Amino acid sequence: MAKYAAAVDQGTTSTRFMVFDHSGQEVAKHQLEHEQIYPQPGWVEHDPMEIWARTQDVIKIAMEQAGLSASDLVGIGVTNQRETTVVWNPKTGEPYYNAIVWQDTRTDRICNELERAGYADLFRQKTGLPIATYFSGPKIKWILDNVDGVRAAAERGEAIFGNIDTWVIWNLTGGPDGGAHVTDVTNASRTMLMNLETLDWDDELLGILGIPRQMLPEIRPSSDPNVYGTTRASGPVRGEVPVCGDLGDQQAATVGQTCFDVGEAKNTYGTGCFMLLNTGTEIVPSKSGLLTTVCYKFGDEPAVYALEGSIAITGALVQWLRDNLRFFDFSHHIEDYAKTVPDNGGIYFVPAFSGLFAPYWRSDARGVIVGLTRYINKGHICRAALEATAYQTREVLDAMKADSGVELAALKVDGGMVYNELLMQFQADILDVPVVRPKVAETTSLGAAYAAGLAVGFWNNLDDLRQNWQVDKTWEPQMDAETRERLYKGWLKAVERTFGWVEQE
């Protein structure tokens, strides 16, 4: 009898496959990194074929190591780096171009033209999003306009689009041999093309961007009893298993953290940082630079919405220090260096490598280190890099309070950086609220598994999931108010120094 729910978690830097039991405990896991491609400054790409190869590998290895077969799985959920855009030939399965990653800024000219044409309010009103290089719609337009033959292929029905969830589900369920071309409401809400009220593609916005509707996947619930499709015996799962859950990675983490009540919030510390606040079935427009997004939709139940603060560079800054500057060999060593100094030595590191996301949305910004003196050493730079994550999170939380009126009682946290004790303590200090890490910190994978398991009745309801959530550790604020505000004031001053570096055309 099938007894586990599984998840493919396709992230910005790696792909993992995880299997969970009914209590939400990890049964199997394997993870592999993929190449980051930087063709020129501001451009970030992935090879979709490499991502699919890694996906197959992690499934096979995790299943083999745990001694599992397809018959042990009730269903598979998929969660993914959102906004990363793939256009491929459905007859051959070959991409027309590399995946354009969410961090990529090559569409700034397209976005500037849309702004100048006066479309900002229309997009914000319909999609809950600002016009920004972050989202999929401008990336699709760039591929249609710049890759030879793709627009003509799209008109013939020989070029289809998907965020990475769509690409993975299509391949898992058969690829060119009848693969399901679907996405869910959370991923669709990140394209700048879906109407938040109708939960369908918006013809007016498609017309403005010049994107043929037939390219787009069918929008489905995040947890779907009418499963998207089943895996193939010839594929990596080696059997027929329902694929029936799909959530963008940040929404998946929100589900994994069981933030099902209005006013509950979580923050995921990954390549970037993403805080989501559940606003229930109400669409709450942001006046403070946040995104209004779909949080999840389970079966026939109404969609649940969220306010989101998206930060482009957090964990990626640690990787940059590791890979580009060779500060250390392993990412976790940053904490050791940061602990060699009592404070940041008066410096701030604002990692606006891809411009600034929430709450500024400034594509003209670029990274800075300010306050440098001869006193500064490697430890100070490492400490300032970690503190940047906490300061950016404070900015987002302040915006959420302004938009929602909700005072946060505690912040649930997840992702790779939550094992950094120095960062988590500083986060609690700079927010002045407790920071809470759950026992299962891989909440993104868990949320996707929950979506699949709910669809097939492995879990009956949200209370089943709430019972699985357990606290691992809580960090209480220890900093005095005067120090907190002095440090934060310095951060805001540093952020201003990043503005206007790139001259707008």
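This is a predicted model: local features need pLDDT of at least 70, side-chain atom pairs count only at pLDDT 80 or more; totals for chains, interfaces and linings use all residues.
Residues are numbered from 1 along each chain as its sequence is written, local features need pLDDT of at least 70, and side-chain atom pairs count only at pLDDT 80 or more. Side-chain values use heavy atoms, without hydrogens or water.

Seven strands form an open, mixed sheet in the order β17-β18-β16-β15-β21-β22-β23. Strands are DSSP runs of E, at least two residues long, and helices are runs of H or I of at least four. Two strands pair if DSSP finds at least two bridges between them. β17 (291-296) and β23 (471-475) are the edges; each has a single partner strand, so one side of each lacks a neighbour in the sheet. β21 (residues 411-414) and β22 (residues 435-438) pair in the parallel sense over two bridges. Here L411 stands opposite V435.

The model holds 25 aromatic pairs. Rings of Phe, Tyr and Trp (its six-membered ring) pair if their centres lie within 6.5 Å; planes under 30 degrees apart count as stacked, over 60 as edge-to-face and the rest as tilted. F260 and Y296 are edge-to-face, at 5.8 Å centre to centre and 90° between the planes. F260 lies in the loop between α9 (249-256) and β15 and Y296 in β17, so the pair ties together parts 36 residues apart in sequence. Both F260 and Y296 are buried (under 20% relative accessible area, with exposed over 50% and partly exposed in between; 1.4 Å probe, protein chains only). Y391 and F426 have ring centres 5.4 Å apart and planes at 85°, so this pair is edge-to-face. Y391 belongs to helix α12 (residues 378-404) and F426 to helix α13, so the pair ties together parts 35 residues apart in sequence.
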